[in-house]
Amino acid sequence: VPRKIATTVWGAAWVNGLESHADFDNRLPRGATYVRNGSVVHLAIERGKVSAIVSGSELYDVSITVKPLSKERWSKLVAKCAGNVRSSLDLLRGKLSPELLSTLT
């Protein structure tokens, strides 16, 4: 049974974001196949970086870096979102209003 690439709402949003900005006609589908086949043998998520070891024809070290939000920008985002999340459970499930999702993206 093929594995899903993402199992959470937030993971699916990450994958959708990558796919919507990708100009890698071959790399993302090939990477998705590696994930589905269980070829990602190590995955680490850190502040500003996602890294993995992938077993293909050889072992590959893969990393994606993301510039973290500045403290000032993060504070503005938190202030803008304050009072717009109905519950922590909704937040964890990714059940957010369209307005809040727009703010976050």
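**Entry 1: S39**

I began with S39, which lies in the loop between α2 (27-36) and β1; helices (H or I, at least four residues) and strands (E, at least two) are DSSP runs, numbered from the N terminus. I was working with a predicted model, in which local features need pLDDT of at least 70 and side-chain atom pairs count only at pLDDT 80 or more, while totals for chains, interfaces and linings use all residues. Residues are numbered from 1 along each chain as its sequence is written, and side-chain values use heavy atoms, with hydrogens and water left out.

Is S39 buried or exposed? I found a relative accessibility of 15%, so S39 counts as buried. For this term, buried means under 20% relative accessible area, exposed over 50%, and partly exposed in between (1.4 Å probe, protein chains only). Not counting residues up to four places away in sequence, S39 touches Y34, I53, V54 and S55; contact means heavy atoms within 4.5 Å.

**Entry 2: the sheet**

I next looked up the strands. Three strands form an open sheet in the order β1-β2-β3, and the pairing is antiparallel. The edge strands are β1 (40-46) and β3, each of which pairs on one side only. From one strand to the next, the twist averages 10°; axes are lines fitted to C-alpha atoms, for helices over the stretch in contact, and angles run from 0 to 180 degrees between N-to-C directions. I noted that two strands pair if DSSP finds at least two bridges between them. Strands of a sheet pair through backbone hydrogen bonds, either parallel or antiparallel.

How many bridges link β1 and β2? I recorded six bridges between β1 and β2, in the antiparallel sense. These two strands form a hairpin with two residues between them, and G48 in the turn has a positive phi of about 80°. The bridge partner of H42 in β2 is I53.

Strand β2 (residues 49-55) and strand β3 (residues 59-65) pair over seven bridges, again in the antiparallel sense. A hairpin of three residues joins β2 to β3. I53 stands opposite D61 in β3, and S55 has L59 as its bridge partner in β3.

**Entry 3: the salt bridge**

I found one salt bridge in the structure; the term requires a side-chain nitrogen of Lys or Arg within 4 Å of a carboxyl oxygen of Asp or Glu. Which side chains meet in it? They are those of E72 and K76, at 3.4 Å, N to O. Both residues lie in helix α3 (residues 71-81), four residues apart, about one turn of the helix. Both E72 and K76 are exposed.

**Entry 4: L100**

I located L100 in helix α5. L100 counts as buried because its relative accessibility is 3%. Leaving aside neighbours within four places in sequence, L100 is in contact with C81, N84 and V85. The C-alpha atoms of L100 and K80 are separated by 8.7 Å, although the residues are 20 apart along the chain.

**Entry 5: the nonpolar patch**

Last, I looked up a nonpolar surface patch of about 460 Å², made by V9, W10, V85, L91, L101 and L104. Patches are made of residues with over 30% relative accessible area and no salt bridge: like charges are joined within 9 Å, nonpolar side chains (Val, Leu, Ile, Met, Phe, Trp, Tyr) within 5 Å. Accessible areas come from the Shrake-Rupley method with a 1.4 Å probe, and for residues only the protein chains shown count as cover. α1 (9-21) and α5 (98-104) each supply at least two residues of the nonpolar patch. W10 is found in helix α1 and is partly exposed, with a relative accessible area of 40%.
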